[in-house]
Amino acid sequence: MIRSHVMICGGTGCTSSGSKKVQEEFKKLIKAYGLEEEIQVVQTGCFGLCALGPVVIVYPDGTFYSRVTPEDVNEIVESHLLKGHIVERLVYADTGKIEPKNPKYVTLKETAFYRSQNRIVLRNCGVIDPEDINEYIARDGYQALNKALTSMTPDDVIKCVSDSGLRGRGGGGFPTGFKWALCAPNKAPQKYVVCNADEGDPGAFMDRSVLEGDPHCVIEAMAIAGYAIGATKGYVYVRAEYPIAVNRLRIAIEQAREYGLLGKNIFNSGFDFDIEIRLGAGAFVCGEETALMTSIEGNRGEPRPRPPYPAVKGLYNSPTVENNVETFANIPQIILNGAEWFASIGTEKSKGTKVFALGGKIKHTGLVEVPMGTTLRQIIEEIGGGIPDGKRFKAAQTGGPSGGCIPASLIDTEIDYDNLTAIGCMMGSGGLIVMDEDTCMVDIAKFFLEFTVDESCGKCTPCRVGTKRLLEMLEKITEGNGTMEDIDKLEELCYYIKANAQCGLGQTAPNPVLATLKFFRDEYIAHVQNKKCPAGVCKNLLTYVIDKDKCIGCGMCARNCPPGTIVATDYIAPNHKLSSYEIIPDSCIKCGACMENCRFNAISKR
């Protein structure tokens, strides 16, 4: 009889930190101690707290071990699994500090990181073995498909999804039920359901984590969508850079076929549906639905003019419904629990929850799922644990290269589609990059423009040429050669590109520039007029200075200066015995090595 389960995160983050070796060590020692009939080791998907991996949770008590190494495993097995004594030094303390005399130990769900979350999309991630269909079925898996096929008409399914208020989680926020309703009436010999798992935003890993931790929920949802619109074929377009997700998705598809949940006559309903995987080569533009479909067809991923829309003429010129992973992951729970249940979560026009990949200058990086309408402050300060090292929060970038930044003055903004649009931002797919006071907003805009310039397919001139000109102007400004006229031209060109680019990539590419101009124009002006970078980031506008009164003359800065531009002076500071040093400005390459090696905080950048 199994008395304990050892749950080990097998998501990409923890895997890269060595969770596979931890898992192997657990299995080896449990076998050595003769505990195989009592202890079960389970590989799961992402728990969410990626910064603390490898994560191990022991049930039924829910003890939450973080940053576990293979060398720690023997102690956990001997103390916890054999004797029932928790290994205190490895348990995550919600205070962020381990206090052995009176530790505040909590289960994962009781942490500040989890308390405010409502996990619908991520309900099975970290809970089940994603490579075992029986564990998904034990959590009501495929019950929604059974309900749809045996007790609902296709119109009933579409109405349920429409009434729930679910909007597409890929970035555009288009009503999901309405999209399905547009496709359903169109007659064709073949229709398709496409899952967009291309997820190309820098710092985004929401869809990857769902496929790694709960692939069957996407398969089930795609089959439901196929039934609703009259499609018998589905494709999952997933990045080849996601090997764990791809492997688990393949396993899940094969298992679903073996169980008769994909293929012919599912649940004896007469409905046929099957799924294939198509691997993307990492082109950001293939996140746009028509470019994605073009790529599935074996052609170069370039967007098509719309109309006609994919609901009329999509994949292989057939009616097609395309949604992203997170959108599909909501469907089974909506069908099972009803439209009213889902609509009761979130805000008036943005129902349900949203998954965010929380990264950047934040203590608790990871994956979070919160109700729509949760404030940015709550996400950053409560769930994310605030900004490290006592730094001030400056802004948060939502939507990646297609989004905009939310400044500190709007930290109490309730996150939903309409509120973000109102302040010139967008939800995007769910990347949430937190920035502190040391971030240069002009440099951030340049970073995202570098990405979009590189990822542009080049099909339309506004995107191919326009984004390149934007980047050149930003480079000119960050190098200290910009003029006030450049700022005006920058803004004018942004609006031209938005109005004339063919697809979403080009239309949204100027958003990071426009958002930083709106909220941080003073930084642009400082770069142009004062030839200074207020955050001390733009290298050409920096000057490193040694405070001669703080310098003790140890010479560490000079010994670590690559070009040798730091020399001793004749000045000896009070109470010091050696001569202070100074930097020769004209020869300084501004690498920062001097500042990194000074142990007395005598060097600053201005």
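Me: Is Phe 284 buried or exposed?
Reply: This is a predicted model, where local features need pLDDT of at least 70, side-chain atom pairs count only at pLDDT 80 or more, and totals for chains, interfaces and linings use all residues. Residues are numbered from 1 along each chain as its sequence is written, and side-chain values use heavy atoms, with hydrogens and water left out. Buried means under 20% relative accessible area, exposed over 50%, and partly exposed in between, using a 1.4 Å probe and protein chains only. Phe 284 comes out at 10% relative accessibility, so the call is buried.

Me: What is the mean pLDDT of the chain?
Reply: pLDDT is the predictor's confidence in each residue, from 0 to 100. Over residues 95-103 it stays under 50, and the model has six contacts (heavy atoms within 4.5 Å) beyond four places in sequence for that stretch. Still, 98% of the chain's residues reach 70 or more, and the mean is 91.

Me: How many aromatic pairs are there?
Reply: Rings of Phe, Tyr and Trp (its six-membered ring) pair if their centres lie within 6.5 Å; planes under 30 degrees apart are stacked, over 60 edge-to-face, and the rest tilted. By that rule the count is 11.

Me: What kind of aromatic pair do Tyr 227 and Phe 271 form?
Reply: Tyr 227 is buried at 16% relative accessible area, and Phe 271 is buried too, at 10%. Their ring centres are 5.6 Å apart and the planes sit at 75°, so the pair is edge-to-face.

Me: How many residues apart in sequence are the parts that Tyr 227 and Phe 271 tie together?
Reply: Helices (H or I, at least four residues) and strands (E, at least two) are DSSP runs, numbered from the N terminus. Tyr 227 lies in helix α10 (residues 215-229) and Phe 271 in strand β8 (residues 271-280), so the separation is 44.

Me: And how many residues apart are the parts tied together by Phe 284 and Phe 451?
Reply: These two make an edge-to-face pair, 5.0 Å centre to centre with 70° between the planes. Phe 284 lies in the loop between β8 and α12 (289-296), while Phe 451 belongs to helix α17 (residues 441-455), so the parts are separated in sequence by 167.

Me: Which residue has its charged end over the ring of Tyr 235?
Reply: The rule wants NZ of Lys or CZ of Arg within 6 Å of the ring centre and within 35 degrees of the ring normal. Tyr 235 is also in a cluster of ring pairs with Tyr 192 and Tyr 316. At 5.6 Å from the centre of its ring, the charged end belongs to Lys 233.

Me: Which residue in β8 stands opposite Ile 266?
Reply: Strands pair if DSSP finds at least two bridges between them, and two bridges join β7 (residues 263-266) to the antiparallel β8. The two form a hairpin with four residues between them, and Phe 267 in the turn has a positive phi of about 55°. Opposite Ile 266 is Phe 271.

Me: Where does helix α22 bend by about 95°?
Reply: A bend is the angle between axes fitted to the seven residues ending at a residue and the seven starting there. After α22 comes Lys 531, with a positive phi near 55°. Within α22 (residues 511-530), the bend is at Phe 520.

Me: What is the relative accessible area of Ser 580?
Reply: Ser 580 is in the loop between β16 (566-568) and β17 (581-583). Leaving out residues up to four places away, it touches several others, including Lys 548, Cys 551 and Tyr 571. Ser 580 is buried, with a value of 0%.
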